[in-house]
Amino acid sequence: MAHLDVARIQHDFPILKQEVNGRRLVYLDNAATTQKPRQVIDALVQYYETTNANIHRGIHTLAVRATDQYEAVRGKVAAHIGAANSADVVFTRNTTESINLVARAWGDANVGEGDEIVLSLMEHHSNIVPWQLLARRKGAVLRYADVRDDGTLDLDSLRALVGRRTRLVSVVHMSNVLGTINPVAEIAAMAHAQGALVLVDGAQSAPHVPLDVDTLGCDFFAFSAHKMLGPTGVGVLWAKPGLLETMDPFLGGGEMISVVKPEGSTWAQVPHKFEAGTPNIADVIAFGAALDYLRHLGMEAVREHEKAITAAAIEALTRLPGVTIHGPRNVGIRGGAVSFSVDGIHPHDVSTIVDSYGVAIRAGHHCAQLLMRRLGVPATNRASFYIYNDERDLQTLIEALRQAIKVFTHDSARTAV
Amino acid sequence: MTAPEPQFDDFYRELILDHFRRPRNRGELADPTHRLEGVNPVCGDEIQLDLLIKAGQIDDIAFTGSGCSISQCSASMLTERLKGRSVAEAAKVLSGVRAMLIEGTPPGPDLGDLESLEGVARLPVRVKCALLSWNVLQDGLNSAAGA
């Protein structure tokens with residue numbers, strides 16, 4: 001794992017220096033949210049100490065400074081995903097809001113009765129429920145592409161579902177449960193051939209893999225800052241050039257208008273048309289520091305680091321008795337979110353025991369109940385890795401899991417007392 | 001190892017070896033007077049509780065379900081503690097268990113082995129697992145009182 005200087009990276013994360021339950025904190029819940037480096041925390045403090053002002057309408061110095069800093073992050077976001085124009089980048093609260101924006105502002109105008117939206121069984125609830133609500137409003141129909149037993153998307157099943165009534169195909173780029181990276185470019189070509197648009201949920205891919213929206217070929221790309229070193233409360237929606245201009249506003253209010261008259265209003269230019277009200281200025285600016293941090297590391301190096309630690313994790317987990325991994329084994333087609341089951345031990349029990357060793361993993365349905373049903377499990381354990389995790393973290397996890405297995409399978413003489 | 005030994009190992013060992021591996025009164029009654037179900041939607045824990053209540057007495061009791069060890073052990077202990085006891089005693093034990101798990105009140109002598117669930121009060125996110133079967137029991141006692 002020489003792709004990143006992990007020891008130096010760990011030094012940048014104040015939260016990792018603490019003990020939890022008397023043990024060194026081993027944070028392996030990165031698919032839920034990542035920790036924040038000193039640089040991001042400092043950017044947040046510095047903004048409030050030196051810059052704080054409302055953006056876009058102010059003439060005074062601080063307002064101009066805040067506006068410049070906020071708008072500069074739009075450019076950094078565009079660069080991170082390989083987008084040509086920063087005007088195609090809309091700031092939202094999170095991935096969920098980005099998808100809801102599309103369901104409302106694009107869906108309401110473009111999806112009608114009997115039209116179809118194609119999803120997959122590996123979607124996060126955030127890429128299911130907004131479409132269920134849209135389908136209910138418009139009388140549209142949802143179709144779900146299957147997931148194969150090996151945790152990959154069943155492309156044949158997807159192809160069979162995409163037809164002339166399909167208006168949108170909305171799929172996850174990297175599964176938050178299985179780690180699977182879906183062949184988005186192929187899916188986009190399939191959808192476009194039928195005249196449908198494509199939304200990609202990039203919440204798990206934007207933090208972990210080099211991105212280029214042109215290569216992906218999608219029409220919308222959504223992700224969250226907090227899963228990639230940034231603060232909570234900032235999401236991104238990118239749309240293919242020209243697409244946002246055709247859409248109606250999502251929320252109405254200040255910031256998103258051009259002229260307001262008693263009988264009606266006209267809208268601001270994109271992307272401001274979709275950013276009603278005072279946005280999360282401080283957190284967007286701090287997100288800029290997170291994007292700088294990742295750019296300095298290089299997304300290729302981030303990806304290689306995670307491939308190495310994920311391969312080591314899969315190998316070590318496979319060697320534990322009674323452990324089943326859900327998702328592909330090949331790190332070439334997967335990211336660092338590793339779900340597993342332990343025979344005879346409920347994930348909540350596993351999570352409680354490993355937590356007592358200072359190890360933070362996630363247990364539950366991971367907001368993917370359709371996938372849990374497909375896998376035939378009520379819940380799974382999930383360890384998910386990031387730039388500051390190393391071999392030692394993995395060893396601590398494995399040791400804690402060994403203890404959990406021992407507690408549940410080892411007949412201690414203690415009970416006889 | 002220099003780090004302190006994790007405190008939940010003992011708690012788990014005691015609980016699991018005794019009730020998780022050999023659950024008491026697991027199954028369904030042939031002719032229950034009350035059959036009630038409860039789920040924790042967040043965890044997916046499920047409990048079905050069968051009660052045979054006659055003349056203010058729990059003559060028989062059984063449970064089925066699936067979920068984490070805490071939810072299933074708690075249900076097993078519930079049935080063991082309340083089989084053959086009066087409805088009035090059941091209500092008293094129920095409120096003692098709730099006080100122990102929710103308010104951290106030290107368990108009284110009437111809780112018996114249920115005191116081994118005391119450690120769950122230190123795991124706030126797991127309290128609902130331990131309470132599931134007791135909330136189902138509450139429904140049963142309510143419907144017995146209404147009948």
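The buried residues of α5 in chain A are covered by elements including α4 (95–110), β5 (116–120), β6 (141–145) and β7 (166–172) of that chain. Here helices (H or I, at least four residues) and strands (E, at least two) are DSSP runs, numbered from the N terminus. This is a predicted model, in which local features need pLDDT of at least 70, side-chain atom pairs count only at pLDDT 80 or more, and totals for chains, interfaces and linings use all residues. Residues are numbered from 1 along each chain as its sequence is written, with chains lettered from A and ligands numbered from 1 in the order in which they are written.

So which residues of α5(A) are buried? Within this helix (residues 129–138), they are Pro130(A), Trp131(A) and Leu134(A); buried means that 20 or more other C-beta atoms, placed from the backbone, lie within 10 Å of the residue's own. They sit on the same side of α5(A), because they cover an arc of only 95° around the axis, taken from the directions from the helix axis to the C-beta atoms. Just past the helix, Gly139(A) adopts a positive phi of about 75°.

Turning to chain B, its secondary structure amounts to four helices and three strands, in the order α-β-β-β-α-α-α from the N terminus on. The radius of gyration of chain B is 15 Å, close to the 15 Å that the globule rule gives for 147 residues, so chain B is as compact as a globular protein of that length. That radius is taken over C-alpha atoms, and the rule is 2.2 Å times the number of residues to the power 0.38. Of the 147 residues of chain B, 38% count as buried.

Key: A residue is buried if 20 or more other C-beta atoms lie within 10 Å of its own, exposed if 12 or fewer, and partly exposed in between; C-beta atoms are placed from the backbone. Two residues are in contact if their C-beta atoms, placed from the backbone, lie within 7 Å.
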